Amino acid sequence: TLAALTKAYAQTVDKPVWAVAEFVDRKGTGTKFGLEAQTALIGELTKSNLFEQVSVEQLNRAVESLGIQSPPRDTTTLLRLAQEVRASTVISGEIIDYTVVSDASGKQAYVSMRTVVYDVASGLPVNGSAVSAKST
């Protein structure tokens, strides 16, 4: 009998690299809410295991290296940041409004925010959302 043996090669699939910029806090300056929103979104995207995430530390180094403001406030700056960290997709966001109210059941928080997902190669928005929600 004659047998043919072939070598097996593992297939590797590169995950797309996504970056999440610090969110702009439109209501208050000097708060850490934009950074908290960035960190929370990175955590949720990491759980999906569909994307390779650029770390906050890597983004901070790129911001410093480029000499830009953080959070980025315009699309051109956002795309420069994404190119610097070699991301194929970048997410920006804005915290529009937030408030905490007390009622008979305790405290409730109300938040409104907007996110936009950009394709770095084309510079075009490819997805996004605008939501308002309250805590339960």
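Me: Why does K27 count as partly exposed?

Reply: K27 has 46% relative accessibility, and partly exposed covers whatever falls between buried (under 20% relative accessible area) and exposed (over 50%), using a 1.4 Å probe and protein chains only. So K27 lands in the middle class. Keep in mind that this is a predicted model, where local features need pLDDT of at least 70, side-chain atom pairs count only at pLDDT 80 or more, and totals for chains, interfaces and linings use all residues. Residues are numbered from 1 along each chain as its sequence is written, and side-chain values use heavy atoms, with hydrogens and water left out.

Me: What makes K27 and D97 a salt bridge?

Reply: The closest N and O atoms of K27 and D97 are 3.4 Å apart. The rule asks for a side-chain nitrogen of Lys or Arg within 4 Å of a carboxyl oxygen of Asp or Glu, so this pair qualifies. K27 sits in the loop between strand 2 and helix 1, and D97 in strand 4, so the pair ties together parts that are 70 residues apart in sequence. Helices here are DSSP runs of H or I with at least four residues, strands are runs of E with at least two, and both are numbered from the N terminus. At 37% relative accessible area, D97 is partly exposed too.

Me: How many salt bridges does the rule give?

Reply: The count is 4. One of them joins R26 to E94, with the closest N and O atoms 2.5 Å apart. That pair links distant parts of the chain, 68 residues apart: R26 in the loop between strand 2 (24–25) and helix 1 (33–48), E94 in strand 4.

Me: Is E94 buried or exposed?

Reply: Buried, because its relative accessibility is 13%. R26, at 44%, is partly exposed.

Me: What about K47 and E44 in helix 1?

Reply: Their closest N and O atoms are 3.0 Å apart, which makes a salt bridge. K47 and E44 are 3 residues apart, so about one helical turn separates them. K47 is exposed at 64%, whereas E44 is partly exposed at 48%. Elsewhere, salt bridges that share partners join R26, E94 and R114 into one network.

Me: What makes a set of residues the largest nonpolar core here?

Reply: A nonpolar core is a set of buried Ala, Val, Leu, Ile, Met, Phe, Trp, Tyr and Cys residues joined through side-chain atoms within 4.5 Å. The largest such set has 18 residues, and A19, V54, V85, A87 and V90 have the most contacts inside it. Helix 3 gives the largest share, 4 residues. A second, separate core of 12 residues includes W18, V20, I42 and L45.

Me: Which residues is V54 in contact with?

Reply: Contact means heavy atoms within 4.5 Å. Leaving aside neighbours within four places in sequence, V54 is in contact with V17, W18, A19, I42, L59, V85 and A87.
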